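Please look over the model shown here. The report below takes up its folds and contacts.

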Amino acid sequence: MAERIIVDPITRIEGHLRIEATLEGNTISQAYSSGTMVRGIENILIGRDPRDAWAFAQRICGVCTLVHGLASVRSVEDALKYPIPPNAQLIRNLMSGAQYIHDHVMHFYHLHALDWVDVVSALKADPKATSDLAQSISSWSKSSPGYFSDMQKKLKTFVEQGQLGIFANAYWGHPAYKLPPEANLMAVSHYLEALNWQRDVVALHAIFGGKNPHPNFLVGGVACPIDLNSDSALNMKRLAQVQDVIHKMKEFVEQVYVPDTLVIASFYKDWAKMGHGEGLGNFMTYGDFPSKTINDVDSFLFPRGVILNRDLSKIEPLDLNDKDQIQEQVSRSWYDYSVGKEKGLHPYQGETKFNYTGPQPPYKQLEIEKSYSWMKAPRWKGKAVEVGPLARMLMLYATKNAQAVELVDSTLKKLELPIESLFSTLGRTAARTLETKIISDAMQGWFDQLVGNIKKGDTKTFNETLWNPNTWASKAQGVGFMEAPRGGLAHWIVIENGKIVNYQAVVPSTWNAGPRDAQNQAGAYEMALAGHQLHDSKQPIEILRTIHSFDPCIACAVHLTDTENGNAIEIKVC
Amino acid sequence: MNQLSLEERLRLHGVSRRGFLKFCAATASLMALSPAMIPRIAAALENAKRPSVIWLSFQECTGCTESITRSHSPSLESLIFDAISLDYHHTLQVASGDAAEHAREQAMKDNWGKYILVVDGSIPLGNKGFSTIAGISNVDMLIETAKGAAAIVAVGSCAAFGGLPKANPNPTGAVSIDMIIKDKPIINVPGCPPIPVVMTGVLAHFLTFGTLPELDHLKRPKAFYGQNIHDRCYRRPFYERGQFAETFDDEGAKKGWCLFKLGCKGPTTYNACATTKWNGGVSFPIESGHGCLGCSEPNFWDAGSFYAPLSTPIGHVAQNAGYALAAGALAGAAIGFANKQKSSQAIEKHEEITVNDLIKGETK
């Protein structure tokens, strides 16, 4: 009989994710991904003012803290045919780019690294040798023997106190950890440095959006005005702060994040075998970072399209408004559809009714042969596809983006790996690092354009013409899309008489973490885990490596819409 | 493994024995205790472990966790390395699955009656299956973990007031922590998310003074939620003069005039944004041109559009602000807590005492 292995909670992610898998011997035959928390945010959006929607939608997730806000304002602007000033477009690019860099660095060090880095082993490192290693790969200044010796002492003091806190009960010493003590000490030091670094660079969001997490957005532009002669607008002081953050981001990416990725990857090449941790072979990008307007797809830094069967020679066109292309299914999810549980729906027609048929908590196992997740199963033309950094880097590579080709080729050369090794757990993690480098370079370009516009006298940041709902058509619908750090994200909105009547968010982690569909096709996580061999099923570090390589964001992935308003529950408090 | 006492840890940070005893004396004075108590305090502190903190995440977006990582002082790393033992926290802890759950159970067992429970996210009462961790419903896990807690800190508007999940029509039947737990001290630290240093500040208060900070009628610490944003806002003088931004990006918006007419909820929102500001004091929403959403107030999601003015100013604007204030004050009858008397005594004899005040460099 096949053994069932369960990992719940999956930690070092956003949200509530549970993985169940069946083992044949020590090999995973089938994996099942379940989102175990639902809030109902899209339902809550019904009846609201579309201009308010971004704030609600943004709270889908506090890690991808601005992406849902941006997708939301874009959906309203698409529905109302509401153009925004070029400066607002540039400021949004800068905010979104900053989110990528911040999010990817934190994912690498604080969520993913400890799958590969053994903190306890770092105690055995020779600080001098660690310094030699660090200085051989980077010009980062914090690399002296004394620095690493201090970091090691700090770590030692912590461990010897006997209260391991967040590091308790981990799989330290597991044979899957391959790094020498010096690489471990370097990575642990950078774990702490990155915590400090990220705190400073979010200043960019605070400048444009007032705070981080959850910076402010505005339908029709951005809320921060530009006035070089005001003490309370984007002035020279503010621009200088933004420039400083852009420098700090680029510096950390180039001198710490990229070199660390290369060093760590060089010890884990067995995780770069084609198909190991990459199961679907289908990849999709919506495209983003317009240099002109959001409707000018050709001006995007990240192109749009679908790659099937790992064939980089052919890119399928993608249309977010085509009712036959993107559909969400619920046959294995805890929802019902009015058209029946087996049929998919395009998001404009999207609906959901809670129908929890899972086991009553507390439970040991899910009923994996029935419905088993609060996530839906989105499909493109009926196919499961992967979204995210790997999809984007493949799309850039396939469309022969010069920087991407150079980065990918030189990385593979350094690691002595073939191009096929991109289709793997390690390929996904490396793709994230490489796209961060591309974004960190693009930031300067957007900033220079912004400064150039101001120089020419264009300080406009908001278009007032369609702000008043009296100017809107009585019925309108639109889609706001973006490439979020975790992949293609889109919000579909339907507006009637100035109010939201339907709102659907189909998000990256639903594409990747969603369950099986009516045809029993597995989602991206599920396919990626199939075939993994576990050294010890009680310490399934292999599952964590591949799941973390996707950077799960489960609060994002679980949602509902209920236009019938049939599921609301009134809570009376005595 | 041997565990370092507070004194040993302080010594590692360069604090001398004399400095340590001085700290104990200051603590005794702060707590209005006789000098005879100093050796006893010293003895208690010498054996102190870092207090255990268990952090549960329910119906949440992880924005509160993200926010606490942005805290400058104390920073998250100084908290978890030097001040607390963060024994369970989904986003940060290394262990997953059973190993993670064992960490929670072990921390509860080892620190029964003493650990601090931090909760973010609301609790769905509509169906236990709406939110589970390790197959356990949120409500069951909360009740079980709260039992041995010394105090509960509800961070974020979801845990404190139900937040976004509770917004109309509340599809999952979401409630706040204090709707479920009635027999423990609860501190609400609302905000969507709370200001980073407010979260760490509340924990630091507890660790430094051993008491809960004084709270208002909504269980919010007065130090951070005692004043509304409007009263502390640098744009307040423009409100008084009747100078408003009429739309985004107009002359008034550029000059930093009051955002009241663009829907700013500063007058009815009690939070420290205008004084503490965000992200190392860089800015706060109003300073960056957008009105306050009111995100630390109960039910702010259902309080009308974020862009609708609180009321249309008719006649003298300052008077309208006065009404708003009166409404806030009416609701503001503070509830007394066991520590109240103690803290007022402490306030009378207050001396600023932190570890940083101790004499350094006289080790041994």
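## Basis

The model is predicted. Totals for chains and interfaces use all residues, while local features need pLDDT of at least 70.

## Chain B overall

Chain B has 364 residues, and 52% of them are buried. Its secondary structure comprises 17 helices and 9 strands.

## Two domains in chain B

Chain B splits into domain 1, residues 50-223, and domain 2, residues 230-323. Their C-alpha centres are 30 Å apart. The two domains touch: 15 residues of domain 1 of chain B are in contact with 14 residues of domain 2 of chain B.

Which helices supply the domain 1 side? In chain B, α8 (156-161) and α10 (196-209) each give at least two residues to the side of domain 1 that touches domain 2. By class, that side of domain 1 of chain B holds 9 nonpolar, 4 polar and 2 charged residues.

## Chain B against chain A

The contact between the chains involves 86 residues of chain B and 91 residues of chain A. Several elements of chain B each supply at least two residues to the side that touches chain A. The helices are α4 (63-69), α5 (76-83), α6 (97-110), α9 (163-166) and α14 (251-255). The strands are β2 (85-88), β5 (132-133) and β6 (136-137).

What is the make-up of this side by class? The side of chain B that touches chain A has 38 nonpolar, 36 polar and 12 charged residues.

## A helix crossing in chain A

In chain A, helix α10 (residues 389-398) meets helix α12 (residues 425-455). Their axes come within 8 Å and cross at roughly 70°. Angles from 65 to 115 degrees count as roughly perpendicular, so α10(A) is roughly perpendicular to α12(A). The crossing of α10(A) and α12(A) is left-handed.

Which residues meet there? From α10(A) come A:Pro389, A:Leu390, A:Arg392 and A:Met393. From α12(A) come A:Gly427, A:Arg428, A:Ala431, A:Arg432, A:Leu434 and A:Glu435. By class, the contact of α10(A) with α12(A) has 5 nonpolar, 1 polar and 4 charged residues.

Methods
Residues numbered from 1 in each chain as written. Chains lettered and ligands numbered in written order. Predicted model: local features only at pLDDT ≥ 70, side-chain atom pairs only at ≥ 80, totals over all residues. Axes fitted to C-alpha atoms, helices over the stretch in contact; angles between N-to-C directions. Helix = DSSP H or I, 4+ residues; strand = E, 2+ residues; numbered from the N terminus. Parallel < 35°, antiparallel > 145°, perpendicular 65-115°, else oblique. Left-handed = near helix turned anticlockwise from the far one by under 90°. Contact = placed C-beta atoms within 7 Å. Nonpolar A, V, L, I, M, F, W, Y, C, P; charged D, E, K, R; others polar. Domains from an automatic or database assignment. Buried ≥ 20, exposed ≤ 12 C-beta atoms within 10 Å, placed from the backbone.
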